[in-house]
Amino acid sequence: VLHGALSPVGGGTCSVLLSHCVTRVPSELLTQSVLLSHRATCHPRAEELQGHRWATFTREEICAYQSQPMAEMWQRCARRVTEAIERVVEFAKRLRGFLELSQHDQIVLLKAGAMEVVLVRMCRAFDAATRTVLFEGKLAGPELFRSLGCPELVASIFDLAQGLSALRCSESELGLLSALLLVNAGRPWLQDRPRVARLQGHLDVAFRLLLRRTRREGLLARLPSPGQLRALCSQHLEQVQAFRRLHPGVVSASFPPLYRELFAADPADVPAGTR
Ligand SMILES: O=S(=O)(c1ccc(F)cc1)C1(c2ccc(OCc3ccccc3)cc2)CCCC1
């Protein structure tokens with residue numbers, strides 16, 4: 001599924017046109033282009049978030065979610081996170097230089113980093129005052145997700161969103177942070193590590209210059225650590241396995257193919273030649 005989503009046919013033309021000049025482009029222009037890609041692929045858009053006073057779920061609505069079968073709630077969240085990951089794939093395709101990496105490395109970087117970008121982006125739709133997140137059109141607290149049966153994972157997700165929203169990041173900061181979560185030369189299995197490192201270097205310089213220009217250097221020390229993001233993603237993978245043991249067949253029968261490819265790859269799914 002990821003392979004298909006990365007076909008250069010859909011979108012990304014502007015990055016193909018301009019990417020070869022990324023080495024001559026000063027970092028401010030790189031920051032501008034990352035911001036545009038970020039804005040174009042975030043949902044809801046920044047304008048919708050500012051203007052809107054989002055409603056919270058009523059007690060009855062919360063009870064209805066809490067009494068849904070576990071499999072139904074898991075399916076809803078899997079669908080939501082897959083939609084969010086598809087937008088992250090589109091963000092990556094618009095990142096200058098990303099589509100010039102080998103398909104193999106593009107897939108390696110997205111498999112390792114897409115979920116981390118989704119978790120970082122989530123803080124945009126998080127309300128720290130009420131500790132609620134936008135879910136299916138209204139603001140939901142952790143208790144709404146009770147039927148998932150993974151309270152620690154839900155708590156970790158809310159803690160991360162709370163911590164990130166306290167930093168009051170700008171869209172430019174979130175865009176560059178997201179780009180650096182994806183373009184990470186430290187990810188395992190990369191074929192052309194030096195090439196990824198060069199692209200990462202440009203983004204790193206752009207991020208640091210942005211922070212200096214806006215006197216926000218202190219942000220770097222307060223961002224979630226790579227370990228915290230990695231721990232949350234591992235917790236999610238453990239809970240997917242636990243869910244599959246409780247409900248055999250549900251994931252393969254009714255979860256989005258992209259979700260299955262990223263988080264529930266069966267040994268049986270791996271093409272025979274690479275088993
Ligand atoms: O709004 S959400 O559905 C949401 C779900 C759980 C939660 F505690 C808070 C929010 C969403 C999200 C979806 C799945 C996530 O992890 C994977 C996961 C976790 C738990 C069950 C299944 C899958 C994390 C975030 C936020 C961003 C995109 C959608």
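1. H3 and helix H6 (residues 70-93) pack with their axes 9 Å apart, at an angle of about 155 degrees. This is a predicted model. Angles over 145 degrees count as roughly antiparallel, so H3 is roughly antiparallel to H6. The crossing of H3 past H6 is right-handed.

2. Which residues make the contact between H3 and H6? H3 supplies Val34, Ser37, His38 and Thr41. H6 supplies Arg87, Glu90 and Phe91. By class, the contact of H3 with H6 has two nonpolar, three polar and two charged residues.

3. Now the other partner of H3. Helix H3 (residues 27-41) also meets helix H10 (residues 193-213). Their axes come within 9 Å and cross at roughly 95 degrees. An angle of 65 to 115 degrees counts as roughly perpendicular, and H3 and H10 are therefore roughly perpendicular to each other.

4. On the H3 side, this contact uses Ser27, Glu28, Leu30, Thr31 and Val34. On the H10 side are His202, Leu203, Val205, Ala206, Leu209, Leu210 and Arg213. The contact of H3 with H10 divides into seven nonpolar, three polar and two charged residues.

5. Last, a single residue. Glutamine 106 lies in helix H7 (residues 103-121). Is Glutamine 106 buried or exposed? Its relative accessible area is 2%, so Glutamine 106 is buried. Leaving aside residues up to four places away in sequence, Glutamine 106 touches Leu6, Phe98, Leu99, Glu100 and Leu101.

How values were computed
Residues numbered from 1 in each chain as written. Predicted model: local features only at pLDDT ≥ 70, side-chain atom pairs only at ≥ 80, totals over all residues. Heavy atoms only, no water. Helix = DSSP H or I, 4+ residues; strand = E, 2+ residues; numbered from the N terminus. Buried < 20%, exposed > 50% of the residue type's maximum accessible area, 1.4 Å probe, protein only. Contact = heavy atoms within 4.5 Å. Axes fitted to C-alpha atoms, helices over the stretch in contact; angles between N-to-C directions. Parallel < 35°, antiparallel > 145°, perpendicular 65-115°, else oblique. Nonpolar A, V, L, I, M, F, W, Y, C, P; charged D, E, K, R; others polar. Left-handed = near helix turned anticlockwise from the far one by under 90°.
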